[in-house]
Number of protein chains: 2
Amino acid sequence: MNFKINSKQLEKLLAKVFPAIPARTTMSVLENFLFEIEDGVLTVSATDLEIALRTSLNVDANENLAMVVPAKLLFDVVKSLGDTMISFTTESNQKMKLTTENGQYAIGYASAEEFPKLPVIQKDKSLTLSGKTLKKAIDKTSFAISKEAMRPAMMGALLECTENGLTFVATDGHRLVKFIDQKVTFPEHENYILPERAVGVLGKLVNDNDLTLYLSETHLSFVMDDVEFSSRLIAQKYPDYTSVIPIENENILKLRRSDLHAAIKRMLLFSTSNYQQVKFSISASLLEVSSEDIDKGSSAKETIACTYTGEPMDIGFNTAYANDILMHLDEGEIQFKLHSPTKACVIEPVEKTEQEELLMLLMPVRLNS
Amino acid sequence: MNFKINSKQLEKLLAKVFPAIPARTTMSVLENFLFEIEDGVLTVSATDLEIALRTSLNVDANENLAMVVPAKLLFDVVKSLGDTMISFTTESNQKMKLTTENGQYAIGYASAEEFPKLPVIQKDKSLTLSGKTLKKAIDKTSFAISKEAMRPAMMGALLECTENGLTFVATDGHRLVKFIDQKVTFPEHENYILPERAVGVLGKLVNDNDLTLYLSETHLSFVMDDVEFSSRLIAQKYPDYTSVIPIENENILKLRRSDLHAAIKRMLLFSTSNYQQVKFSISASLLEVSSEDIDKGSSAKETIACTYTGEPMDIGFNTAYANDILMHLDEGEIQFKLHSPTKACVIEPVEKTEQEELLMLLMPVRLNS
């Protein structure tokens, strides 16, 4: 067997598949790429049994083969080569040999038999969506995915395919984010929970181009330009998040995101480490935020210009959670929709993007003082 | 007490002193800055008992004071403020209050009594040297300082003040670097060992301007534009390194640093993790470097154009040590001065810099095969 490939072209190919290689695993075969050549097409795959990635490229190969090769070593070697032609050959002693103008590198390979079967994409149900919007949905929601193994359903993002759009939801019980892409509609109403690792890998992989999403009972698959990404689903029922979102929060606080975010970052420095709390004291045209670190005996308060319609209110939030939400909103004017110091607060951009909806929800905390 | 200071000016001031704050300590008073105001001069100091940093600034203060304030909190708060005026006041309840246009921050302070006395710089013996050259000396030598607590003398850099120049030496027994600044001469011959942490902090602090080095039996002090840096010395005898440096290594291998470095970085990928080794097979116009990872069954070899005068030779080096040395040589032609596969090898730039000398030494390893 032999074929030639440019090092930079191969590096791009491997970079697309490498994210599925698990960082730690007890199944050492998963630390390999699956290399398959069939009729002049080289297909490289990787999986951690939860997610799988696959990409292909035409090569001028003289025979078919299937083998597994150590992913990190091969990827590191290819990355470390300059822009050069690599000639691949296999030797009888289970070695794959890479030859360049000045170098020869031998890497042990193994039979492809032990490599797990990758999921075959079921193409009955599909949606087309914009990669740009998917990236935005992931950027806005993924931080709120729960890390608590106690409630496995919440350890992923909910994708709801509905007549009114494609909805992404993430929550850990303390805060919740909902993002709707109204451009993508689906005749039925179906729910899928994508695990956190899949959401993270997908967010890095996706570009601005359109892509196709295939839906099945056990997997979601995203087919991009030249990469196929599949993930198992979390086979759980997602909690009814709609009942948590208040409909009539009539007290509206408007202010510039950057003004509040700068202040909250400073309040983080003054929030006691084991009970991080920031107090919002809201009046018609002035918001005072304050924090106190009782352990260290330090405290801070700042005033920020705002507009507010409603009775003056004192309400407390977890400082880190408030910071997370502000970090994931775009620059511009934002509004807090409030009801009372014990009820969920809705945070949104004031300017809406056409055919999109973004809503963040933050539970208040009981004030210490 | 009150005084005003611009936030960015104070940030710069604190940034100069903060490196002396220990990352971990059992003496909590060392986690503080010492703030002293005397006759309109604010002096900020910090120490970890090994090194000490101090800087000053004129302020318009109405009384004198001395107190300690939590270094990380104050530095983080000042960094997080935009460009603004800060008004400092002290309150009777041991709080320092910072007031800006929109914010008020209270930080607990304590009496300066518990703060250790900082070393007083003895000014009898001094040298003037270029900050640029000092930075270069540190950049070139510090990586070779030993991490082995067994030989405490080698856990610092040797500074030799001599009639022929200021010499910097670092070695861990496997490799050695010697850098001489011939512009700085001293009538006597004196040796000082500066601990590794001091070398590291100094390397980051120093700028291109000239600075004064004060020598004492227990401390070295570097006085820069507006910063005083002092360090305790390692009170040990540095080993006689000169006996290790071979004088007559007559076999000369010349090649481009970048060619060899690129190859060595790839050999690192193929060097067995617990016994990293690269083999140099040297002939008149071609160097072959090769490595083998027996655990993983992988291997690599590359050829590099060179000129060599001497009998063909096979010699082995630790791959990571060879990589370190190549990383710390400037781009250009370099030469390996060799004697035999068991004797120390000298590595130098071919082009010399005027009034400087740079020599690196690498011990070979016994070849496996």
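Which side chains meet in a salt bridge at 2.6 Å, N to O, with Asp48(B) as one partner? The answer is in View 1. This is a predicted model, where local features need pLDDT of at least 70, side-chain atom pairs count only at pLDDT 80 or more, and totals for chains, interfaces and linings use all residues. Residues are numbered from 1 along each chain as its sequence is written, chains are lettered from A and ligands numbered from 1 in the order in which they are written, and side-chain values use heavy atoms, with hydrogens and water left out.

**View 1. Asp48(B) and Arg197(B) form a salt bridge.** The N to O distance is 2.6 Å. A salt bridge puts a side-chain nitrogen of Lys or Arg within 4 Å of a carboxyl oxygen of Asp or Glu. The pair links distant parts of the chain, 149 residues apart: Asp48(B) sits in the loop between strand 3 (41–47) and strand 4 (51–58) of chain B, and Arg197(B) in helix 4 (residues 196–205) of chain B. Helices (H or I, at least four residues) and strands (E, at least two) are DSSP runs, numbered from the N terminus. Asp48(B) is buried at 16% relative accessible area. Arg197(B) is partly exposed at 34%. Buried means under 20% relative accessible area, exposed over 50%, partly exposed in between (1.4 Å probe, protein chains only).

**View 2. Glu302(B) bridges to Arg266(B).** Their closest N and O atoms are 2.6 Å apart. Glu302(B) lies in strand 21 (residues 298–305) of chain B, and Arg266(B) in helix 5 (residues 257–269) of chain B. Both residues are buried.

**View 3. Lys352(B) meets Glu348(B) in a salt bridge.** The N to O distance is 3.3 Å. Lys352(B) is exposed at 53%, whereas Glu348(B) is buried at 8%.

**View 4. Nine strands form an open sheet in chain A.** Their order is 14-11-12-13-26-25-24-18-22, and the pairing is antiparallel. Strands pair if DSSP finds at least two bridges between them. The edge strands, strand 14 (190–195) and strand 22 (307–309) of chain A, each pair on one side only. Strand 13 (residues 175–181) and strand 26 (residues 356–362) of chain A share seven bridges. Asp181(A) stands opposite Glu356(A) in strand 26 of chain A.

**View 5. Helix 3 (residues 131–141) of chain A has buried residues.** Among them are Leu134(A), Ala137(A), Ile138(A) and Thr141(A). Residues three or four places apart point the same way, because an α-helix has 3.6 residues a turn.
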